[in-house]
Amino acid sequence: MKLAVVCLLLMSPMLVAQVEQGVITGAVKDQTGAVVPRAKVTATNSRNGTATTTRTSAEGYYTIPYLSPSEYEIAVEADGFKRARTSGVTLQEIGRAHV
């Protein structure tokens, strides 16, 4: 079976140390649309190779916080499924907040 990766990209400016960080969040579903709980989801920064891994919830959702603006590849693995990859996921820097 194949996995589908759904991503929602969020950016939030951090006021502490003026560091831009973003979040990739989404859901993992199989080809029938059923959610896949406990799937391993890895976001790899295409520029520097840094990888961050999490697991989907019982409802198939995942969140990967504290990511720097860059391009990412999202890989999903779950027992009984082929590995799924989505590349070219871009977190863009947004305007900086000044306090």
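Arg83 is partly exposed, with a relative accessibility of 48%; the term covers values between buried (under 20% relative accessible area) and exposed (over 50%), found with a 1.4 Å probe on protein chains only. This is a predicted model, in which local features need pLDDT of at least 70 and side-chain atom pairs count only at pLDDT 80 or more, while totals for chains, interfaces and linings use all residues. Residues are numbered from 1 along each chain as its sequence is written, and side-chain values use heavy atoms, without hydrogens and water.

Arg83 pairs with Glu77 in a salt bridge, where the closest N and O atoms lie 3.8 Å apart. A salt bridge here is a side-chain nitrogen of Lys or Arg within 4 Å of a carboxyl oxygen of Asp or Glu. The structure holds 1 salt bridge. Glu77 is partly exposed too, at a relative accessible area of 34%.

The protein has 7 strands and 0 helices, counted as DSSP runs (E, at least two residues, for strands; H or I, at least four, for helices) and numbered from the N terminus. Of its 99 residues, 31% are buried. The accessible surface is about 6000 Å², and carbon and sulfur atoms hold 51% of that area, by the Shrake-Rupley method with a 1.4 Å probe. Among contacts (heavy atoms within 4.5 Å) with a separation of 6 or more, 53% join residues 24 or more positions apart.

Confidence is given by pLDDT, the predictor's score for each residue from 0 to 100. The protein averages 83, and 75% of the residues score at least 70. Over residues 9-16 pLDDT stays under 50, and the model has 27 contacts beyond four places in sequence for them.
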